[in-house]
Amino acid sequence: MDKTYAELRRAVETTELVDAHAHNIVALDSTVPFLSCFSEASGKALSFVPSTLNFKRSLRDIAELYGSESSLQGVQEYRSSSGIEKISNMCFKAAGISTLLIDDGFMLEKMLSIEQHSDIVPFVGRILRIEHLAEEILDEGIRNGKSWTLDTFTDSFIGRLKSYAVTVGTKDVAKVVGLKSIAAYRSGLEINTNITRKEAEEGLAEVLLAGNPVRIINKNLIDYIFVHSLEVALLFDWPIQIHTGFGDKDLDLRQANPLHLRNLLEDDRFLDCRIVLLHASYPFSREASYLASIYTQVYLDFGLAVPKLSVHGMISSVKELLELAPLKKVMFSTDGCAFPETFYLGAKRAREVVFSVLRDACNEGDLSIPEALEAVTDIFAENAKMFYKINNAVKSRIPRHVSDTLAKLDNHVKQEFNSTLQDVVLVRVIWVDASGQHRCRVVPQKRFDNFVKENGLGLTCAAMGLTSAMDCPADGTNLTGTGEIRLIPDLSTRCRIPWVMQEEMVLADMHSKPGQVWEYCPRETLRRVSKVLKEEFNLLHAEAGNGQFEIALRYTTCTNAADNLIYAREVIRAVARKHGLLATFVPKYTLDDIGSGSHVHISLSQNGQNVFAASDGASRHGMSRTGEEFMAGVLHHLPSLLAFTAPIPNSYDRIQPNTWSGAYLCWGKENREAPLRTACPPGVADGIVSNFEIKAFDGCANPHLALAAIIASGIDGLRNHLSLPDPIDENPDILRDKLQRLPVSLAESVKALVNDFALESLLGEKLLVAIKGIRKAEIEYYSQNKDAYKKLIHQY
């Protein structure tokens with residue numbers, strides 16, 4: 001049998017390890033007791049550690065590695081005489097660890113920085129502990145005399161989280177590759193994903209009253225922090241590690257069962273957020289295996305359970321993980337902490353346990369030898385590399401089955417593969433002007449990181465006064481070539497360009513000077529108007545397109561939706577160009593053919609629940625009173641809204657009767673000829689409206705300004721408690737004599753905007769002056785140049 005499994009044993013013993021969860025090593029003169037190397041016990045309970053199976057077994061292993069006397073005193077004397085650098089190198093070399101992901105939120109006396117660990121292993125990444133970050137932020141504010149509110153704390157917390165997303169990972173700064181929560185330690189895993197603002201405010205007040213240093217144990221605040229962290233994690237595709245199962249005595253084990261996470265796992269908002277259940281969830285390993293088998297976003301880690309248990313306990317816990325969980329979802333870690341020896345012991349035991357478990361699986365017919373060999377590299381390295389997106393950063397031995405595959409690739413594919421390893425050379429800084437055109441400035445990556453990301457790029461004030469016809473400011477905008485603003489990159493939007501591997505792109509805000517937002521900034525306008533609804537509502541944006549090709553973008557908050565639409569346009573245009581084609585979002589590029597829109601779906605949510613919809617089927621239109629008032633505001637302001645959502649003369653060639661574009665001032669239930677259509681999609685109770693669609697929105701609109709105008713209209717409807725007229729359930733064109741026609745030209749919508757004082761007060765007087773000036777210039781130019789619209793296909 002030993003000969004049969006010789007190849008499996010060789011693979012287990014030689015595969016370089018990705019340690020996906022660990023903590024900092026401490027200096028030799030730290031007061032952290034060395035006995036904690038062998039147990040989760042603390043205080044007086046440590047006196048019993050030498051009588052545990054783990055201690056006796058592990059002490060012999062350490063003494064054998066060091067060549068010291070096999071006693072606690074002998075090992076400690078060797079440690080003291082050798083120094084931390086020597087024993088660290090010995091332990092990590094023997095462990096075969098090539099990559100280390102460190103949660104440095106577990107604070108220990110005289111612990112080494114994450115950067116110091118990079119002298120020990122080739123690649124070190126950082127796992128950001130969210131509760132520690134929140135406590136750190138609150139403590140800093142208190143020391144500086146800051147008076148915390150929930151809003152100021154939330155802004156600081158989210159801002160700090162986002163700032164870590166742009167860390168490249170160098171000798172001086174470790175790259176953040178994921179988040180971590182210890183909610184299990186503080187308040188348990190039954191996370192309330194619909195925590196109310198009032199509950200969070202009361203939780204923050206309680207925590208602050210407890211004094212400094214801050215320790216967050218209030219469940220409401222912990223859940224609030226957790227939910228906001230997930231929202232940021234989704235933005236950057238960060239996974240989140242969650243402590244589950246056993247730990248030290250601060251833990252209530254009853255609340256650490258991962259089954260408590262079901263409410264979180266079922267929340268539609270976070271279905272794409274990847275979650276790692278740490279420590280094999282011991283003693284709930286079977287429960288963890290079940291969750292990983294039925295929830296696509298759940299992955300497993302077996303650190304801490306190996307090597308803290310007996311040999312039987314280690315083997316049984318890993319076997320229980322594999323009873324249901326896919327092999328592609330199980331990852332190794334040491335949970336090494338404080339002492340280099342914990343990393344060595346974790347790796348040594350993991351290799352022994354994984355070999356035993358996979359050998360038994362082969363004996364029992366669950367796996368073939370080739371399948372077991374693949375499982376070795378997956379569990380020890382490949383799963384974590386893919387999961388934490390560290391493939392390009394880790395320069396470790398490529399497993400044989402991977403190298404064999406690469407050897408078969410043709411030269412073209414090899415070049416594509418190798419190109420992903422090349423460094424970024426250029427960064428595109430993107431903004432969208434008031435005429436809806438995508439603009440960008442390109443800077444070298446080194447200059448971007450060394451200067452631009454903090455100081456921005458200079459840009460003439462005239463940039464927000466340009467029309468689609470000329471690159472000079474329109475008369476009447478009050479914007480000229482005199483004066484300069486700053487394009488400040490929003491680093492949370494920075495991403496690699498998949499079709500140009502050596503370039504990145506990032507969206508930018510407009511500041512009059514760094515730190516001071518310019519009043520003409522489209523992204524800030526949308527944020528500012530959205531903030532009016534912040535305490536009660538979030539907007540959602542779903543579909544784009546009713547033309548040659550239809551693409552639906554997943555709903556998200558309004559600011560993210562606008563950003564996503566900009567990037568979607570960039571991707572579509574670039575892919576088309578790559579294949580020698582031209583993709584355009586022009587509303588009506590051929591006047592005798594069907595046009596293309598960029599439809600928007602709007603809903604309202606409060607604490608994750610749809611509040612646009614009625615609570616039962618007894619409502620007047622299937623929507624709540626709040627939903628009706630908001631939608632009534634949009635309908636009321638629709639003629640002037642078109643100046644934002646249909647911003648060029650060509651837009652009105654699309655908005656015609658009998659083309660499903662919405663030509664009359666009305667609304668309807670599932671009526672695709674109405675400009676506003678309420679929707680009751682599959683899965684929604686009959687008669688209940690989940691959202692409404694705005695059809696009079698096209699691809700020439702600046703999405704931030706257009707959504708801001710829509711939200712402002714809805715706010716006005718809420719403030720004035722507007723009601724909807726009766727819906728139109730037939731083709732509105734049949735009732736043309738009874739219905740008001742929407743503006744048939746840009747000139748008519750601008751005229752409506754001039755008289756719309758509610759929008760002016762919400763969006764800002766100066767911005768509206770510029771918008772009106774640009775639109776009037778568009779009207780004049782295209783009225784004098786009838787065929788000029790044909791050039792728009794290259795601009796939009």
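A: Of the 796 residues of the chain, 56% count as buried, a term that stands for under 20% relative accessible area, with exposed meaning over 50% and partly exposed in between (1.4 Å probe, protein chains only). The model is a predicted one, in which local features need pLDDT of at least 70 and side-chain atom pairs count only at pLDDT 80 or more, while totals for chains, interfaces and linings use all residues. Residues are numbered from 1 along each chain as its sequence is written, and side-chain values use heavy atoms, with hydrogens and water left out.

The secondary structure amounts to 27 helices and 25 strands; these are DSSP runs numbered from the N terminus, helices being H or I of at least four residues and strands E of at least two.

Leu300 of E7 is the bridge partner of Leu277. Between E6 and E7 the chain passes through helix H12 (residues 285-294), and this β-α-β crossover is right-handed: with the strands pointing away from the viewer, the path from the first strand over the helix to the second runs clockwise.

E7 also pairs with strand E9 (residues 330-331), again in the parallel sense, over two bridges. In that pairing, Leu300 stands opposite Val330.

Conventions
Two strands pair if DSSP finds at least two bridges between them.
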